[in-house]
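Have a look at the fold first, then at what sits inside.

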Amino acid sequence: SKQKWTYVLANTISFSEKTDFVISLPKPQSAVLKDWLEKIITSGQCSLLFVEQLSIDEISHRRIQHLCSIHKVTLVNLLPNVKAAQVLKGPWL
């Protein structure tokens, strides 16, 4: 099957190595974050979506979770640990 993309929406966290099929974007302002998430999830191009410190209201959160289950997207909320280096190890298969 066609390779799907991993999206990373983050301002302070990045992959430690260059990884194929990863799209890293600065995390947008909270006003547009929800729209971005919905577009990425429903695009059919994404299998894994990392968001740095995702905090959205309960109703939006339920909607996003529902869209993730329909479109088979794994959503990961990245919570930076101040003591640890802010680096993700990959790749994930």
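## Surface, fold and cores

In this predicted model, the protein chain exposes about 6300 Å², with carbon and sulfur atoms supplying 55% of that area. Of its 93 residues, 31% are buried.

On the fold itself: the chain has two helices and six strands, and going along the sequence they run β-β-β-α-β-α-β-β. If you take the contacts between residues at least 6 apart in sequence, 66% of them join residues at least 24 apart.

Now for the inside. The largest nonpolar core has 14 residues, and Leu9, Leu37, Ile41 and Leu49 have the most contacts inside it. Helix 1 gives the largest share, four residues. Apart from that core lies another one, of eight residues, including Phe15, Leu48, Phe50 and Leu78.

| Residue | Touches |
|---|---|
| Leu37 | Leu9, Leu49, Val51, Leu54 and Ile64 |
| Thr6 | Phe15, Phe21, Val22, Ile23, Leu48 and Phe50 |

Thr6 lies in strand 1 (residues 5-9). Is Thr6 buried or exposed? Its relative accessibility is 11%, and buried means under 20%, so Thr6 counts as buried.

Technical notes:
Residues are numbered from 1 along each chain as its sequence is written. This is a predicted model: local features need pLDDT of at least 70, side-chain atom pairs count only at pLDDT 80 or more; totals for chains, interfaces and linings use all residues. Side-chain values use heavy atoms; hydrogens and water are left out. Buried means under 20% relative accessible area, exposed over 50%, partly exposed in between (1.4 Å probe, protein chains only). Contact means heavy atoms within 4.5 Å. A nonpolar core is a set of buried Ala, Val, Leu, Ile, Met, Phe, Trp, Tyr and Cys residues joined through side-chain atoms within 4.5 Å. Accessible areas come from the Shrake-Rupley method with a 1.4 Å probe; for residues, only the protein chains shown count as cover. Lists of a residue's contacts leave out its neighbours within four places in sequence.
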